[in-house]
Amino acid sequence: MTPDNLERLATLIREQRLGVLSQWRKLVRELPSAHTLDNPTLNDHMPGLLDELIAALLRNPDLTIPQALAGQSPAAHGLQRIADAFDIEEVVAEYNILRGCIHDMAEAHQVSLQGPAFHTINRVFDQAIGLAVQTFATRRAQDVLERREEYLAFVAHDLRTPLSAISLAGRVLEKSFSTGETRPEVDRMLKALRRNVIHLEKLVSKVIDENTSLKTEVGIKLERRETELWALVEGLIHDLAPVAGTASTRLVNNVPDELTAYADASLLRRVFQNLIANAIKHTPRGEIVIDAHKRPDRSGVECTVADNGTGISPDFVGKVFEKGETEGGEPDGRGLGLAIVKTFVEAHGGTATVETELGRGSIFRFFLPAKV
């Protein structure tokens, strides 16, 4: 193909641009993820790719792929598709469909695609596909790393409450034994308990501190089953009794005996644990009532943790479930507890809300959908 014919092909692509894109959209809409996209969203990066191809045909059609890559690479295409969680196979298919449309257009206008034109078209499209795959792989690896690190941060946060309960129980034991003579081995065991709890608390705090800037956790794996709520709440009340006792706070389990929720028992326990621990923290003297009931329409179970503590200021209510937010800049808070609640509840397809009045207390509610 002569330089004149290369210029003719570039001109043809420019003139037939709208028709090529229209044919491309018609074919791409057969892909599962593209069914409902409007034209501007579907076009996304493809008009720019056609401009790149035209420029490549006019500039230096004899460049090889290694030579092109050694120079300035074009911007990666398909970024919005990848951000919208499209399957990478579909992103690659979009490029190949457009490549096919260009071949059909050239054939219809009796323009040969042999030699330099063939190599130029393949170089531009293969380079774009390579950049899309590279971007996809990089983002996927980053997502996996962030999920792993954030999950560790969430687990570390949830360890703080039982550790506090163990620490307080140890102090109670030390005080009870200090009133009389104890055997040396008992004294050693109590001291070892105290040292190890302090060590674990430092480790947990370190993990949390190093993960405070992470984004919201995604990709939580659920293992749902029918879970008895009364027993779950009762076990938590027993475990958190030392913490509540130091605050002179009464914990009340009003959950019906045989009520169940279709949920991941481990995550559900952590939701209740964070809500109860949060309520204890803001109810130095008072009562915390844990309740649950099935919705009348049988769509699922609604659970509540209500306290008559300090309540939440109006300026902060809208931020309570956001990570990193703590009311009044509390030095001990990392703003993870209620963010965990929201994340785990939404992973079940549910919702979490709060009703509060400053000085009178708060009611945290979360809804868990029934088994479909």
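Two aromatic pairs turn up in a search of the whole structure, a pair being two rings of Phe, Tyr or Trp (its six-membered ring) with centres within 6.5 Å, called stacked when the planes are under 30 degrees apart, edge-to-face when over 60 and tilted for the rest. The model is predicted, so local features need pLDDT of at least 70 and side-chain atom pairs count only at pLDDT 80 or more, while totals for chains, interfaces and linings use all residues. Residues are numbered from 1 along each chain as its sequence is written, and side-chain values use heavy atoms, with hydrogens and water left out.

Since F272 belongs to helix α11 and F366 to strand β7, the pair ties together parts that are 94 residues apart in sequence; helices (H or I, at least four residues) and strands (E, at least two) are DSSP runs numbered from the N terminus. Both F272 and F366 are buried, where buried means under 20% relative accessible area, exposed over 50% and partly exposed in between (1.4 Å probe, protein chains only). F321 and F364 form an edge-to-face pair too, with 6.0 Å from centre to centre and 85° between the planes. Here F321 sits in the loop between β5 and α12 and F364 in strand β7, so parts 43 residues apart in sequence are tied together. F321 and F364 are likewise buried.

Beyond its neighbours within four places in sequence, I290 is in contact with several residues, among them V233, I237, F272, I276 and V305, contact meaning heavy atoms within 4.5 Å.

Turning to charged side chains, the whole structure contains nine salt bridges, each a side-chain nitrogen of Lys or Arg within 4 Å of a carboxyl oxygen of Asp or Glu. In one of them, the closest N and O atoms of R17 and D51 are 2.6 Å apart. With R17 in helix α2 (residues 17-28) and D51 in helix α4 (residues 46-59), the pair ties together parts that are 34 residues apart in sequence. R17 is partly exposed at 21% relative accessible area, and D51 is partly exposed at 40%. Another salt bridge joins R99 to D126, with 3.1 Å between the closest N and O atoms. It links helix α7 (residues 88-108) to helix α8 (residues 116-178), across 27 residues in sequence. R99 is buried at 12% relative accessibility, whereas D126 is partly exposed at 35%.

R365 in strand β7 and E302 in strand β5 are 63 residues apart, and their closest N and O atoms lie 3.5 Å from each other in a salt bridge. Through shared partners, salt bridges join R295, E302, E355 and R365 into one network.
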